Amino acid sequence: MFPFISFEWVWDIGHIVFMGSLWYALSILGIGMTYCIIKAAIDTQKKDDTSHHH
Amino acid sequence: MTQEYRKEKKYGMVIDLDKCTGCGACMVACMAENNVPFRDNETDKLKSITWMRVYQLNNGKSYPNEEICYLPRPCMHCEGHNGHSPCVTVCPAIATDYDRETGIVSQIITRCFGCRYCMGACPYHARYFNWWDPVWPDGMEKSLSPNVSPRMRGVVEKCTFCFHRYQLAYEKAASEGRRELRENEYQPSCTQACPAGAITFGDLINKNQAVYKMKKDPRAFRLLERLGTNPKIYYLSSREWVRRAGDNYHPDEETGIVKNHR
Amino acid sequence: MKIDRRCFLSLGIGATAGTALSPLPWKLMDDISIWSQNWPWTPVPPDGEISYTDSTCTLCPGGCGITVRKIDNRVVKIEGRKNHPVNNGGICVLGLSGPQLLYGPTRVQSPMKNVNGTFQKITWNQALSEITEKLLTIRAEGRSHTVAGIAGSSRGTVPALLQRFLTAYGSPNFYCQSSIEDSFSLSHIQPQNNKTIPGFDLENADYVLSFGTGIMDGWGSPLRMIQAGNAWKTGKTKLIQVEPRLSDTAAKSDEWLPSKPGTEAILALGIAHVILLESLYDQTAINYHSEGFSTWRTAVLAHYHPDKVAEITGIDSRTIITVGREFGHAERPVAIFGRGKGNTPLSLTEMSAVHALNVLVGNVNKTGGVFTLPEPNYISWPEISLDTKAETGLQTKQIAEGGLLHRLPSAIKEAEDSVTLLFVADANPCYTLTDTKEVIRAFKKIPFKVSFSSYMDETATLSDLILPNHSYLERYEDVPVTSGLRNPLIGFTKPIVNPLFQTKHTGDVIISIARAMKGSIGSSFPWENYLQCLKNGLGQHWNPLINNDVVEIKYVPEFEDIPRFAFQIPNDKPQVLLEGNENNMNLTLIPSDSLRLSSGYIGAPPFMMKTLPDTILTDNNTIIQIHPKTAEKLGLRQGCYAILKTPKDEKKVKIHLSQGIGEDIISFPRGLGHTAYDRYLAGKGINFNELIGPVEDTFSGLDVAWGIRASLIKA
Amino acid sequence: MDSAFIPEGVKRCPFSQFLAGLGVVGVVLAWGIYAMLLCWLKGLNQTNMNDSYGFALWIWADLAIIALGGGAFFSGFLKYIVGKDELKNIINFAVLIGFICYSSALLILAIDIGQPLRGWFIFWHANVHSMLTEVAFCLSCYFGVLTIEYIPLILENRKIDKIPFFHNLSHNMHEIMAVFASTGAFLSCFHQGSLGGVAGVLFGRPFAYREGLLVWPWTFFLFTWSAAAYGPCFTIFLTRLLEKITGKKLVKDNVIDLLAKISGWMIFTYIIAKIIDTWYWAAVTVHSKGQTLMDFYDDNMFYGLWILVAEIVVGGIFPALILLTKKGRNSEALLWTAVILACLGVCINRWVMVLQVMAAPVLPFEDWALYYPSWQEVATTILPVAYGIILVMISYRYLPIFPQEKELNPIESY
């Protein structure tokens with residue numbers, strides 16, 4: 001599953017294409033979700049701040 | 001890729017069906033050698049683990065012209081096209097592999113998680129699933145051989161050409177400073193037991209071994225050659241109907257027209 | 001509130017993320033994978049030093065050489081012994097399953113006493129003193145002749161010790177199961193009072209005419225037969241199989257002659273007719289080896305014209321003529337007899353009709369032919385001393401007339417107290433004798449039964465006392481082998497492992513009982529123990545046996561000791577009549593023998609049961625094979641159930657349609673229907689012997705039942 | 001009692017009635033869970049599978065629910081990539097159905113394998129050449145996507161939405177939903193395809209084997225195509241069913257009509273491809289292996305040509321033709337017929353590609369092997385249905401699944 005650390009990994013076209021697509025898709029999902037969560041946290045913080053100022 | 005290989009071998013069998021009497025010794029020799037479990041009721045053959053199974057074929061004619069022929073069926077250790085055996089390619093966890101050094105299709109039972117895809121892929125029904133936990137009656141576990149681990153419930157198992165015998169033979173040869181095995185040093189349990197001497201085992205690509213010559217016998221055929229499985233078990237029969245039963249044919253086709261990857 | 005929840009949530013998320021990033025889940029996953037591979041209930045066979053020991057298999061009369069593989073002190077595999085004169089490396093399903101018998105749940109682990117139907121463990125001292133006391137009491141009452149013994153074989157030191165004991169004790173009642181060897185012997189006029197054993201030089205024959213002989217189905221020494229059969233394939237020897245069903249032998253034959261069941265003798269005489277008519281016989285050899293030829297010749301020529309024979313046997317006359325000519329012209333032809341595994345004797349008529357072919361073409365005592373071998377009497381023990389009590393006892397008539405075992409049950413039924421004590425060694429009469437139900441009924445009437453069985457078989461289960469023998473992998477013993485071999489052998493077993501349980505060698509038990517009884521009985525057993533007795537008895541053979549486990553008894557026939565074959569004048573209908581009324585039972589039930597099923601006194605171990613095809617047994621149902629036309633007549637379909645009725649019993653069976661059997665014949669697998677042994681065997685299928693009864697041959701009195709009339713009704 | 005959690009402006013049944021409903025389905029769920037535990041604790045001997053049927057009812061159920069759940073990825077694809085904005089009114093429900101289908105599929109797979117504790121080997125020791133590996137990876141990833149698509153829905157619950165963080169999170173996730181949805185569509189294409197590939201690559205099984213493009217057999221494409229074609233029918237079917245049960249109109253006709261029309265065209269084109277595939281397979285592929293079409297439809301007690309007709313004509317051509325015509329789509333009865341036939345059609349296709357593959361003999365001296373499931377298999381297959389019903393009940397009650405519900409069912413006395 002992982003390059004470098006798993007002994008079955010072979011640097012062939014099959015592994016690169018297959019695992020490449022997998023990690024690519026996983027990255028999009030991971031980064032996307034991280035972005036949403038962080039942004040939501042910041043947004044929440046901002047709103048809290050503005051309400052305090054009022 | 002950089003690993004250095006010993007001389008490549010393709011271990012295989014030639015089974016002379018003219019000699020086989022259907023006595024079943026190969027089946028039990030296999031079970032005893034490989035710690036195959038058994039249950040109270042083994043009559044459901046679709047749930048009975050027999051790495052080596054002897055089929056009974058008949059010519060479909062009516063009394064008194066019926067003829068029968070026994071056909072022992074171990075794992076075919078298919079080479080497919082360039083090592084792409086039907087089962088090896090589908091296994092999702094690399095629990096079965098085509099060993100390019102010996103041509104043996106291995107089964108790593110501790111890796112298998114029991115998805116059974118390989119069983120669906122094998123047209124020979126050579127793969128068996130452990131539907132139950134293996135249970136030996138009290139005391140009988142003493143008869144188990146340490147060379148082959150008993151399998152746990154939920155994994156697939158099959159004939160390994162008694163690979164442990166290869167390892168033992170190889171270790172012995174290595175201790176004597178030899179890199180190559182002699183023909184008779186490595187023989188599977190079924191081959192050794194057959195009272196009819198119907199099974200010959202050896203390296204199919206070694207010109208000096210018996211199987212090399214035998215596979216070229218005009219009586220030789222393999223099972224389902226047309227599928228491109230490229231099996232390493234050859235059968236010999238002098239009867240045309242037996243050879244024809246080895247594959248599917250259209251009525252206008254001659255027996256043995258397809259000889260893939262020989 | 002809001003803060004709390006947020007805190008809680010972030011704590012939860014943090015904990016999850018933290019755990020996921022820590023090595024904990026990976027460690028757990030790894031543990032799980034290891035654990036699921038090492039479930040404590042899946043055994044891990046301990047490793048150890050590998051060793052190989054040669055011995056002899058005793059599980060059937062075949063006498064194969066075996067090589068036992070051990071890991072430290074565990075037997076893990078039995079393989080065929082290479083270069084052994086019988087099996088040369090080959091091995092059968094039963095022999096391979098040996099470790100399962102050794103370690104199996106069927107072993108009797110100590111002396112057992114039957115107390116009101118349940119077995120209780122007792123000590124050897126208790127067991128031996130009880131049996132000794134009983135024997136002494138019976139003898140004191142002057143009823144020593146009511147003690148009987150049944151052995152699995154008439155040969156070898158253990159049956160000989162049992163017989164010797166009975167003789168010294170004063171009983172003529174030693175029995176063992178009859179075989180085709182008895183039939184063969186009876187068809188000859190003996191030069192001395194000896195038995196004549198048939199030895200077939202099959203490896204050198206060039207034309208084999210088999211009358212139902214299961215060459216590939218376990219006849220004689222099964223592996224030797226398979227190997228001979230394969231030699232024929234490469235050496236262009238023709239095999240003609242006469243048999244009503246397409247057995248594995250018929251399947252391997254060059255020609256299958258599906259004769260009607262029971263007409264084998266007539267077919268043989270039809271073939272003889274061709275040989276006689278075309279003068280293909282060897283007059284010199286006939287004169288040399290036999291008596292009564294000319295009258296026989298006239299009778300055969302008068303009554304067995306191929307056309308007539310064809311009508312009776314169902315084999316067309318052209319085939320009969322061809323086979324007759326081929327047999328007559330062949331250089332080394334041989335006719336072989338004994339149906340299936342050859343465990344049941346043949347009627348004298350059939351035996352004579354078939355063996356007459358061998359005599360006609362002059363292949364007796366010739367390469368590729370049949371040898372008339374003398375009984376291998378190799379045991380040399382001192383004379384038995386008899387006291388008056390023994391002499392009186394020996395004067396009495398045998399309980400079963402003529403010493404025929406199958407007559408014993410009816411004799412017991414007639415005179416209840418005729419047997420007061422019975423020993424059974426290496427035999428399982430409560431399973432292997434025909435009309436088994438009656439056998440068991442009679443057996444139960446015997447006040448005290450003693451079994452020497454190593455396994456909990458049917459007879460042991462019904463006994464009052466079990467004195468378990470060591471298994472064959474735990475003991476020394478000679479294994480005499482005749483089984484149709486060209487030269488009889490003495491095989492040898494030796495302890496591969498130390499006895500696992502509280503068992504004792506039957507030889508030792510007999511010797512210690514005898515010695516405990518003192519007097520002339522004790523002095524007839526001058527040995528300390530069985531091993532000494534064996535060594536003493538084997539004499540010159542001891543050293544070669546202890547070194548090589550096998551000795552061949554070479555026999556070169558000399559004129560003086562050649563027994564002469566007596567041509568039997570065939571009567572008009574030499575068919576063996578079947579029991580039952582033809583009108584309401586118009587089918588013929590015949591057994592089918594298979595190497596995958598043990599039908600002898602050893603029951604099939606689990607591995608063997610696993611090899612049974614689902615056309616013989618499904619779940620607990622015996623499957624019978626009938627021709628589709630038979631089924632059609634009776635309204636039966638593939639896979640349906642039917643009631644099979646014979647004059648002896650009725651049983652529910654499952655139907656399998658087969659093109660390998662003639663109309664109105666039922667083929668029934670032999671070797672199933674055990675009630676004892678373990679859960680892998682008990683309760684599976686039906687015992688064929690329960691369905692047939694003894695049918696006595698008018699000439700010899702032997703039980704020659706080979707089938708029975710039957711009916712089938714849809715269940 | 002739970003009114004604070006119910007979306008504003010919609011009417012729901014009394015809580016007691018809701019609980020009673022949950023109870024009834026819960027009993028079925030419990031039965032399924034019991035069977036599932038039996039399979040896990042005692043092993044797969046609880047099933048009627050055998051060495052001829054390594055794949056059976058469960059794998060069929062997996063393939064079928066994933067095909068039916070295909071409505072989620074295809075409507076997502078249509079909305080976010082093609083830009084059919086009307087579909088926003090049904091996409092929530094499609095996502096919910098997809099979520100149920102995929103979680104069920106994963107659960108069934110976890111029961112189906114002989115060593116569930118080692119199930120993760122499929123990821124850890126992945127064989128990238130195995131179609132099943134592709135299935136496992138894409139299936140789990142796409143399940144992740146569906147979860148991501150389902151989360152905002154949960155967050156829109158009246159109570160949860162009041163928490164600012166969740167409100168913001170939901171908002172942010174909506175903002176970039178197109179990214180997630182297109183990743184999902186990509187993953188889904190591959191796993192639908194690789195599920196087809198599972199059968200198609202079996203060159204030892206002429207009934208299943210298909211030639212193809214690069215490493216993908218034709219079944220790869222046919223499966224993706226058919227999931228996209230038939231999935232929306234299942235979404236329509238369930239929407240209509242839910243409308244019948246609740247007695248309310250939940251989605252406007254134009255939305256259903258659009259989805260039905262697209263589905264009709266998809267089924268129509270798919271079925272042409274399927275016919276060509278079947279013809280080519282029979283005339284060329286199978287012929288080259290020494291067999292004929294009838295070898296697979298003859299000489300056994302169950303599989304006859306009827307199943308081919310049922311799949312292609314009754315379950316393919318019929319619904320396609322109905323859905324292609326305006327009259328068919330507008331007639332309530334015909335629409336019902338079409339979506340039901342379509343769902344059956346795709347289920348038969350998946351059945352055939354799993355069970356008939358196992359049933360048909362390959363060795364000339366072997367016979368057909370027929371199979372019927374054990375009660376444990378049936379119960380564990382019904383388990384996801386019960387679970388799905390419960391999830392739909394809860395989601396419908398507490399989440400704004402149908403944006404048009406309020407407008408279509410105004411509550412007079414509020």
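User: Which residues does D:Ala228 touch, not counting residues up to four places away in sequence?

Analyst: D:Ala228 touches D:Gly70, D:Phe74 and D:Met266. Two residues are in contact if their C-beta atoms, placed from the backbone, lie within 7 Å. This is a predicted model: local features need pLDDT of at least 70, side-chain atom pairs count only at pLDDT 80 or more, and totals for chains, interfaces and linings use all residues. Residues are numbered from 1 along each chain as its sequence is written, while chains are lettered from A and ligands numbered from 1 in the order in which they are written.

User: What makes D:Ala228 count as buried or exposed?

Analyst: A residue is buried if 20 or more other C-beta atoms lie within 10 Å of its own, exposed if 12 or fewer, and partly exposed in between. D:Ala228 has 26 other C-beta atoms within 10 Å, so D:Ala228 is buried. The residue lies in helix H10 (residues 218-246) of chain D; helices (H or I, at least four residues) and strands (E, at least two) are DSSP runs, numbered from the N terminus.

User: And B:Pro218, why does it count as buried or exposed?

Analyst: B:Pro218 has 9 C-beta neighbours inside 10 Å, so B:Pro218 counts as exposed. Its place is in the loop between helix H6 (210-214) and strand S9 (220-221) of chain B. B:Pro218 and B:Ser237 are 19 residues apart in sequence and 9.0 Å apart in space, C-alpha to C-alpha.

User: How do you know which strands stand at the edges of the four-stranded sheet in chain C?

Analyst: The sheet is open, with the order S12-S11-S10-S14 and parallel pairing. Strand S12 (255-257) and S14 of chain C each have a single partner strand, so one side of each is left without a neighbour in the sheet. Neighbouring strands are turned by 15° against each other on average, direction ignored.

User: What shows that S10(C) pairs with S11(C) and with S14(C)?

Analyst: Two strands pair if DSSP finds at least two bridges between them. S10(C) and strand S11 (residues 238-242) of chain C have five bridges in the parallel sense. Strand S10 (residues 207-211) of chain C and S14(C) have four, also in the parallel sense. C:Tyr207 has C:Lys238 as its bridge partner in S11(C) and C:Pro333 in S14(C).

User: Which residues of S14(C) point which way?

Analyst: From strand S14 (residues 333-336) of chain C, C:Pro333 and C:Ala335 point one way, C:Val334 and C:Ile336 point the other way, and all are buried. In a regular strand the side chains alternate between the two faces of the sheet.

User: Why is H10(C) called roughly parallel to H15(C)?

Analyst: Axes are lines fitted to C-alpha atoms, for helices over the stretch in contact, and angles run from 0 to 180 degrees between N-to-C directions. Angles under 35 degrees count as roughly parallel, over 145 as roughly antiparallel, 65 to 115 as roughly perpendicular and the rest as oblique. The axes of helix H10 (residues 264-277) and helix H15 (residues 348-360) of chain C come within 8 Å and cross at roughly 25°. H10(C) is therefore roughly parallel to H15(C). By class, their contact has 11 nonpolar, one polar and two charged residues. Ala, Val, Leu, Ile, Met, Phe, Trp, Tyr, Cys and Pro count as nonpolar, Asp, Glu, Lys and Arg as charged, and the others, Gly among them, as polar.

User: What can be said of the three-stranded sheet in chain C?

Analyst: That open sheet has the order S8-S22-S13, with mixed pairing. Strand S8 (188-189) and strand S13 (290-291) each have a single partner strand, so both stand at the edges. S13(C) and strand S22 (residues 564-566) of chain C pair in the parallel sense over two bridges, and C:Ser290 stands opposite C:Phe565 in S22(C).

User: Which chains share the most contacts?

Analyst: Of the five pairs of chains in contact, chains B and C share the most. Their contact takes 51 residues from chain B and 61 residues from chain C. H1(B) gives the largest share of the chain B side, seven residues. Chain A and chain C do not touch; their nearest C-alpha atoms are 11 Å apart.
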